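Hello,

Here is the structure I promised to pass on. Please open it first, then read my notes below.

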Amino acid sequence: MRNTIFFAIATLLIFSACKKSNSFTLKGNISQMPGKGLAILQNYISGNADTIEVNDGKFEYTGLIEEPTLYQLSLSAKQDSFWFQSRTDLFYIENGLTTISGNYQTLYDLDNRNFFSRNRMSINGGKSNDIYENYLSCVRPIIQKAAALGSEILLDTTSLENMTADYKQQLINKQKNLNTLLSQRDSIINEFIVKHPMSQVAYDFAYAILSKKSKMTAIIDESQAHSMVYPSELENHNATSMAVWIRLMEQQRAFSDEKTQHLDSLLKEKSKSLPGTPFKDAPLRNVNGETVSLENLLSKNNYTLIDCWASWCLPCRWYIPHLKTINEEYNNKSLQIISISLDNYDKTSERKQWLQALEDENMPWPQYQTNCKSEFTSLYNVSSIPNIIIISPDKKIIQTGIRGLNVDVVLEEIYNEPKR
């Protein structure tokens with residue numbers, strides 16, 4: 001009887017310990033948050049969310065969790081419009097207690113692009129969030145400079161076709177400076193993952209870089225979560241580095257075989273279009289609906305710039321005048337341009353819209369078409385537009401996924417244009 005009771009008690013204790021180890025408690029105390037409000041706690045990976053009531057800045061929430069997970073917390077006072085004035089931040093939650101504090105009046109605001117002048121929430125929790133905070137403290141000064149420079153470039157490039165050659169060159173040099181900052185950021189990312197290969201944070205970083213989910217890049221570069229749009233080098237982060245990360249994770253057996261195999265699969269997919277790899281042929285349609293081969297469109301003597309666009313994509317349409325200036329500048333320097341639209345040719349309305357756009361834009365280079373989900377978009381990882389691909393005369397990929405002034409930067413490198 002004693003043994004039976006002892007066994008029952010031991011079982012209950014073990015069950016309770018296991019249950020406790022999978023639970024977390026979130027306690028918030030946000031000063032200067034008036035009256036009643038709401039907190040939305042969203043699992044940043046799965047998207048699942050819960051609503052928490054907030055009274056005078058105080059709230060508490062208990063939930064279950066199997067592993068350290070990135071969450072987004074959005075706070076909104078009753079008088080605020082939630083979508084435009086909520087204070088928001090990203091942080092990791094793991095089992096145990098996590099406390100959150102801060103001044104509501106100075107926290108991040110989704111509608112405030114100058115977010116570096118505002119404060120992050122103060123998070124006191126587990127080891128994973130400590131690792132994440134350490135990363136942010138290292139990379140944030142670089143991101144701050146990059147965001148400011150990127151915004152400056154974005155404002156100055158609204159009408160590149162009307163700029164003088166000298167002023168355009170100044171902007172290209174600014175883009176080069178921005179690329180240097182982004183390279184510094186990428187070096188920190190690489191060092192961070194190698195240093196913490198067994199952390200969930202490192203896994204999420206690797207997944208963010210390898211996946212096509214643009215939302216995930218906010219984990220690595222917080223400016224992405226605040227609508228600071230500027231070119232990112234994450235698209236072509238060194239494949240060798242990524243392979244090293246995955247090998248480290250496998251050697252440490254930090255994650256399940258399923259999770260590491262998923263990263264392997266993403267790396268294999270991404271590696272198809274990395275710089276230096278041979279081009280891949282794919283079928284396209286011409287304006288008459290006839291099937292043509294991409295291989296037959298490439299020149300043995302010229303570099304080929306492929307402009308991936310669509311008639312419904314306003315940034316793509318805004319970029320066409322700049323492409324015309326590139327065509328004028330490099331057409332006699334062994335560069336040919338072709339455009340591939342992602343309008344759906346099989347839908348009569350989209351086909352008419354595409355043909356009308358061709359008439360309106362009057363682009364002096366060949367026009368072709370494929371669908372958003374096609375062999376071409378899969379082979380070249382075209383998940384967003386505008387998207388510029390450059391292929392060399394020996395049919396190797398020079399770059400994919402570039403846009404804006406980065407196209408000019410790559411062309412200068414190809415043709416060894418003198419710096420002014």
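**What I found**

R120 is buried, with a relative accessible area of 17%. Buried means under 20% relative accessible area, exposed means over 50%, and partly exposed lies in between (1.4 Å probe, protein chains only).

Two quick notes on method. This is a predicted model, in which local features need pLDDT of at least 70, side-chain atom pairs count only at pLDDT 80 or more, and totals for chains, interfaces and linings use all residues. Residues are numbered from 1 along each chain as its sequence is written, and side-chain values use heavy atoms, with hydrogens and water left out.

**Salt bridges**

How many salt bridges does a search of the whole structure find? It finds eleven. A salt bridge here is a side-chain nitrogen of Lys or Arg within 4 Å of a carboxyl oxygen of Asp or Glu.

Start with R120 again. R120 forms a salt bridge with E133, and the closest N and O atoms are 2.9 Å apart. R120 sits in the loop between β7 and β8, while E133 sits in helix α3 (residues 127-156), so the pair ties together parts that are 13 residues apart in sequence. Helices (H or I, at least four residues) and strands (E, at least two) are DSSP runs, numbered from the N terminus. E133 is partly exposed, at 23% relative accessible area.

R120 has another partner, D89. Their closest N and O atoms are 3.0 Å apart. This pair links distant parts of the chain: D89 is in strand β6 (residues 87-93), and R120 is 31 residues away. D89 counts as buried, at 6% relative accessibility. Together, D89, R120 and E133 are linked in a network of salt bridges.

Look also at E269 and K272. Their side chains meet in a salt bridge (2.8 Å, N to O). E269 counts as partly exposed, at 28% relative accessibility.

**Strands**

Two strands pair if DSSP finds at least two bridges between them. Strand β1 (residues 23-31) pairs with strand β7 (residues 96-103) in the parallel sense, over eight bridges. One of these bridges joins S31 to N103 in β7. β7 also runs antiparallel to strand β8 (residues 122-124), with three bridges joining them. There, T99 has N124 in β8 as its bridge partner.

**A buried helix**

Finally, find helix α5 (residues 200-210). Eleven of its eleven residues are buried, so α5 is largely enclosed by the rest of the structure. Among them are Y203, D204, F205 and Y207.

Best wishes
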